[in-house]
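Hi there,

Here is the structure I promised to pass on.

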Amino acid sequence: MTSDYQAIRLENERRYGTDIDRIGSMLLANRYDDRTHFIFELLQNAEDALARRSGWMGSRSISFCLTKERLRVSHFGRPFDQADVRGICGIAESTKEDLTAIGRFGIGFKSVYALTNRPEIHSGTENFVIEKFVLPDAVRALARNTDETVILIPLKEPDEAGHDEIATGLGRLGASALLFLRQIEEIHWDVDGGSSGSYLRESDEIDAEVRRVTVIGLEQGKSEVDETWLVFSSPVTAGEQHAGHVEIAFCLSKDDDPQRETIQRVERSPLVSFFPTVVETHLGFLVQGPYRTTPSRDNVPRNDPWNQHLVGETASLMGKALRWLRDRELLETTAFLCLLSTAEQNPSLVA
C-alpha cells in the first residue's frame, strides 16, 4: 500500500516549520567536508535494507550510474514501507530498532542535498520525491525490477563541479569498502563517458567468529586489486541487546611458497566504524566496531564511554586472535612487525 505523502507532508510542515529549506542547507546538507560523503550513506542504507530482507536469495549488489544530469543508485534490499518513508523524510528518525544498523534515515541521507534539490525514491509500491529536505510528493513510477530499489539524484544546475566530484568519489571507493560488510557482496559504478569499476567480496567462515574475506577490485585503467584478509570477530551487547561486533582484520600475502600465506602489515590503518573514519590507529592491521561517531560519521569521540568499552572488547579479542594465529603457526616475523607497532601505539590492546 502506497503511503499518504500529502499527510506526511502536512505533518512535517507543522513539525519542522516553513523555513526548513533555508535552515536545512546550513545544518543538514553542508555538514561534510567532502560533498560526496553521501555515497557511504547510501551504501550503509543498502547494507541495512539487505539485512532486513529475510531469506533473500537474489542479488546482493549495489550500483551507481552517473550521467551529466543525475546519479542513479539501485540495490535489492527490503522495499520501503510507510515507516521508511516517514524516516527518510524526517530528521534523526531512524526506523531501525536493531543497534547493528549502520544507516540512519533522517540525517545521513540529507547529505545528498549538497548536490541535489529533489532526490527520488522508487521502492516497492513507493514512488516519491523529497522536496525541501522533509516534504514528500508522489512522482510517476520508474521502470525497474520488481525487487529493486532505485534512488535518483538529479544534479543541481549549474553545479557542473558536482558531477566531477561524484565521479572522483566513486573512484575512491575501492574494494576495501566491502571488507567489513556482511550483506553487500558487489559494488558496481559507471560514469557515462568516463571510467567504471566493480568490487566483489567473498567470505568464508573458517572457524567460530573467524572469516577469510577476499575482496577483488576491477577499475578501468588500473591494475586489478586482489586482497585476502583474516577477520576475527566478537559480538558486543548494549545492556541485553546485541549491538554488533568488534573486529580485527589481518591482511594476508603469499611468500616465496605460493601455498603458504603470511600476515602482511598494512601501511594505513584508520579506525573503522563499518567504513573508515579519520582516526588513524597506527596499527599494522585494521580494527572495526560499532563506534559512536560524530554526526558527520567521520570521527570518533575518544572519551565516549561506549567507545572506551569497545576498545576493551577489542583488546580481549586480540588475545583470542593471537592464540588462534599461534596455533596455526602464523605468528612469524611479518606478524610481529604488526604487533610491534601495536605495542608502541596502543599497549592496552596487547596487554
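Below are some notes on one helix and on a few aromatic side chains. Please keep in mind that this is a predicted model.

Let me start with helix H3, which runs over residues 38–51. From its first C-alpha to its last, H3 reaches 20 Å, close to the 20 Å expected for its 14 residues. The helix is mostly covered, with 12 of its 14 residues buried. Among the buried ones are Phe-38, Ile-39, Leu-42, Leu-43 and Leu-50, and Glu-41, Glu-47 and Asp-48 are on that list too. What lies over them? The cover includes strands E1 (61–66), E2 (70–75), E6 (149–154), E7 (186–191) and E14 (275–280), along with helix H5 (160–171).

Now to the aromatic rings, where the count comes to 7 pairs. One of these joins Phe-232 and Trp-324: the ring centres are 5.4 Å apart and the planes stand at 75 degrees, over the 60 degrees that the label needs, so the pair is edge-to-face. This pair links distant parts of the chain, since Phe-232 sits in strand E10 (residues 225–238) and Trp-324 in helix H6 (residues 305–327), 92 residues apart. Both partners are buried: Phe-232 has a relative accessible area of 3%, and Trp-324 has 13%. They also belong to one aromatic cluster, together with Phe-250 and Phe-285.

Note on methods:
Residues are numbered from 1 along each chain as its sequence is written. This is a predicted model: local features need pLDDT of at least 70, side-chain atom pairs count only at pLDDT 80 or more; totals for chains, interfaces and linings use all residues. Side-chain values use heavy atoms; hydrogens and water are left out. Helices (H or I, at least four residues) and strands (E, at least two) are DSSP runs, numbered from the N terminus. The expected span of a helix is 1.5 Å times one less than its number of residues. Buried means under 20% relative accessible area, exposed over 50%, partly exposed in between (1.4 Å probe, protein chains only). Contact means heavy atoms within 4.5 Å. Rings of Phe, Tyr and Trp (its six-membered ring) pair if their centres lie within 6.5 Å; planes under 30 degrees apart count as stacked, over 60 as edge-to-face and the rest as tilted.
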